[in-house]
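Here is a short tour of one protein structure. Keep the sequence and the 3D view open as you read.

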Amino acid sequence: QDPSFIIGGLIVALLLLLAVLGPELAPYNPYIRSELQMVDGVMKKAPIDPCPTYPLGTNPYGVDMISLLLYGAQTTLMIAVSATIIRVMLGLILGSLAGWFPGSVLDRIVVGLIEFLAAIPSIILAIIVLLAIGIRTGQIAFIIALSVVGWGEIAQIIRSHVLSIRNEEFIQAAKAVGLTTMETLSRHVLPNLTATVVTMAALEAGSALLLLSEIGLIEIFIGGGFFIPGDPGTPSVTIPEIPEWGALIGTNWRYFQARPWLTLSPAVAFFIAILGFNLLGYGLQRFIKRGRFYPSGVSVFRFMAVVVVILFGIQYTFAHTGPETEYKPKSEQFDVTRAWGDIAYFTNETYGGRTTGTAGAMVAASYIEDQFEEQGLTPLMTGSYQQLYRVSQGRITTVPELHVGGDDEYVYTFSDGVAFDPYEASNSHGSVETETAYFVVNPVEYPRFYALPGGSMLVFGETTNATSRLLIIEDEAFPSFQYAPPFIGPASFLGFWPQFVIKRSLAAELLARQGYDLDQLEVEGKEYGRGFIKQLDFPMEIFFGMEYEYALGENVIGYIPGSDARIQTNRILVVADYAGPAAIEGDIYPGADDNASGVSVMLEVIRLWNEQAFTPKRTVVFMATSESGAAYFTQEPILTASENDNWTVVILEGLAAGEPDLSIIQSDGNLARMFLDSAKQMKVDVNRGGEYDFFFLTSDNEESWGMTSLGNYVGIVISRPGDELSGGPQDFREHLNPAYLEDAGKVISHFLMMLSSP
């Protein structure tokens, strides 16, 4: 008959139901950003105002607010409920022991801790604990921080109750009959505390939610978020990777005056949740005071058992609900045998490799086309799966050799990690010699090259990549090597001068010869917000030869149309490169790991989806590319496309050799978090790499970060650190690991299913 108890109970029950079913009820996928969308026949840029399509509008990145709230309910309530249970357990145990042994060392320690914690503002203490643990550790850091903050008040209340109970006659009688301390606490003290504990638990849940909202307001998110640096005209922002109500407040409060719904919707969600737990707590309190709650037969072990069951029940429920679990059994049907057969076909020695424009590449492209047709993929508007284009293709006439040192000369070749830069082509051959070199690292977001006075060679290290860039610059007005203008290939400010890439390990070795540590230099460069320039005082000479000619490239493209017309301009592009490098000095590169493994996984995912009649909500485009094919597609997508389209690109490469863990590099933290969730479902370990700005060249050869002339692109690269044979002449199927290929296929299939769902 108590309105508070009834209303509070209904709200809490509804919240728990949303926590379990929220991801299934969400109309859109909150991990996919769509900043430009066609809404009700009108192209709009996010944030989109509330409308029939989005009743609560979207955030500044085009993500539906209702979907964010529904997904966020699970994370938010999981943290609050878990922290509340730990708070109550700590307060109950420490408060009971302190009250039972008043004046003891334990009592003084507990009381001292309570007074110490009370002197620090809750939000300050929570932030200190979060930063000490590390917000990158995920939800566990927030659960611990919220637990540490709140247990003191509970312990203080429990202690006062125990101090009162311990002098009661029934306690004296229990001691008289020979009950031990634990038996007395279990049989006679705990039952008299249960009512108080239950009431405080409901109230503490509301307190935990309030603190979680305050932490979110100052932009401290689970996992640390995805940082996007600004420029003089745009402020830096942090995008939360995991939907959570506090993060929604923290990322949207700046828009309150212009678009108040962005902040009000998560704020109202917090208000309703906190109100529900408080009403339930006050209702329980009045219910107990009326003498209608008589706990009996309660023991410490039974109480602990109930708590454990609740915790595991919550974890089990969350882990076995939602689309993640629905797609898991489907993804487990990935047939590695068929994918293994694909690799065998691509690496057949009789094809002579798969260099773009050769017979081997044509055979591989034809095979992929047949597979697309057999699995029912929709062809292009031309009626075929082919996208033909002209590409400038390099042929090495002299393998690069880097000679370092005078009398003590070291020679580094292709096998040591010296190669032509594939993104800075040049027609050139000859040699360059220098007595002084400079090593430069600039850790700012957009790398810049330095012109150094008096130097004839510049080594530029990119801190986020596994390779460093080696640029040859001559002191003389005219370089000593020969060149053949006009320049063929992607343009650069260096024009026709040759460029090379060297492995990071080689860059570190060169620095070490002068007493520098590359790792330490990079740390210092980032710490002080600048790069570093180090002079290398030993002679270097590099020999090289490269010729370019035009060849016919072919992208093989097919797609599965999305079933949801509302998001028809939001496409997923799955890319794997089937082409390989040209033969060097008679050595053919079979490319089993690099990159027949990526194409084979893509083909098997298509077969798996077809067999299980999986229909994605978003259009999924599968593309097997030859040399420079991905860049060409962004300019000539050959599908119905415009500058307002949104493309989520998933790049597959090198999946079956080397390290046991998969590796990802992402341009969008949400994609990384989503992939990690899929890997967790499939029980596959993943190493998370750094972030990068996903971009292609626009039609006028100007860099446009995150956008090309025909669409907005974000992406993720899924790979595995290969072994010493990957990418070389011995990259045959025999050195691959079928188990690695199967793990990658299962996770990628699950990830793409999640990505293509609403």
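This is a predicted model: local features need pLDDT of at least 70, side-chain atom pairs count only at pLDDT 80 or more; totals for chains, interfaces and linings use all residues.

Residues are numbered from 1 along each chain as its sequence is written, and side-chain values use heavy atoms, with hydrogens and water left out.

**Salt bridges**

The structure holds nine salt bridges. A salt bridge is a side-chain nitrogen of Lys or Arg within 4 Å of a carboxyl oxygen of Asp or Glu. The table lists some of them.

| Glutamate 204 | Arginine 87 | 2.6 Å |

Start with the salt bridge between glutamate 204 and arginine 87. Glutamate 204 sits in helix α7 (residues 181-217) and arginine 87 in helix α2 (residues 65-100), so this pair ties together parts that are 117 residues apart in sequence. Helices here are DSSP runs of H or I with at least four residues, strands are runs of E with at least two, and both are numbered from the N terminus. Glutamate 204 is buried at 10% relative accessibility. Arginine 87 is buried as well, at 1%. Buried means under 20% relative accessible area, exposed means over 50%, and partly exposed lies in between (1.4 Å probe, protein chains only).

Aspartate 107 belongs to helix α3 (residues 105-118) and arginine 159 to helix α5 (residues 139-165), so the pair ties together parts that are 52 residues apart in sequence. Aspartate 107 is buried, with a relative accessible area of 5%. Arginine 159 is partly exposed, at 22%.

Glutamate 604 and arginine 607 both lie in helix α16. They are three residues apart, about one turn of the helix. Glutamate 604 is buried at 0% relative accessibility, and arginine 607 is buried at 6%.

A polar contact of 2.9 Å joins its side chain to that of arginine 607. A polar contact is a pair of N or O atoms within 3.5 Å; within protein, one must be able to donate a hydrogen and the other to accept it, and residues adjacent in sequence count only if both atoms are side-chain atoms. Leaving out residues up to four places away in sequence, aspartate 342 touches Tyr367, Ser600, Leu603 and Arg607. Contact means heavy atoms within 4.5 Å.

**A buried strand**

Is strand β18 (residues 646-652) largely enclosed or open? Seven of its seven residues are buried, so the strand is largely enclosed by the rest of the structure. Asn646, Thr648, Val650 and Leu652 point one way from β18, while Trp647, Val649 and Ile651 point the other way.

Strand β16 (residues 570-577) runs parallel to β18, and seven bridges join them. Two strands pair if DSSP finds at least two bridges between them. Arginine 571 stands opposite tryptophan 647 in β18.

**Asparagine 595**

Asparagine 595 lies in helix α16 (residues 592-611). This asparagine is buried, at 3% relative accessibility. A polar atom of its side chain lies 3.0 Å from the backbone oxygen of leucine 652. Not counting residues up to four places away in sequence, asparagine 595 touches Arg354, Ala576, Asp577, Leu652, Glu653 and Gly654.

**A loop residue**

Proline 539 is in the loop between β14 (532-536) and β15 (540-560). At 23% relative accessibility, proline 539 counts as partly exposed.

**On the surface**

Phenylalanine 271 lies in helix α9 (residues 261-289). At 55% relative accessibility, phenylalanine 271 counts as exposed. Together with Phe256, Leu264, Val268, Ile272 and Leu275, Phe271 makes a nonpolar surface patch of about 530 Å². Patches are made of residues with over 30% relative accessible area and no salt bridge; like charges are joined within 9 Å, and nonpolar side chains (Val, Leu, Ile, Met, Phe, Trp, Tyr) within 5 Å. Accessible areas come from the Shrake-Rupley method with a 1.4 Å probe; for residues, only the protein chains shown count as cover.
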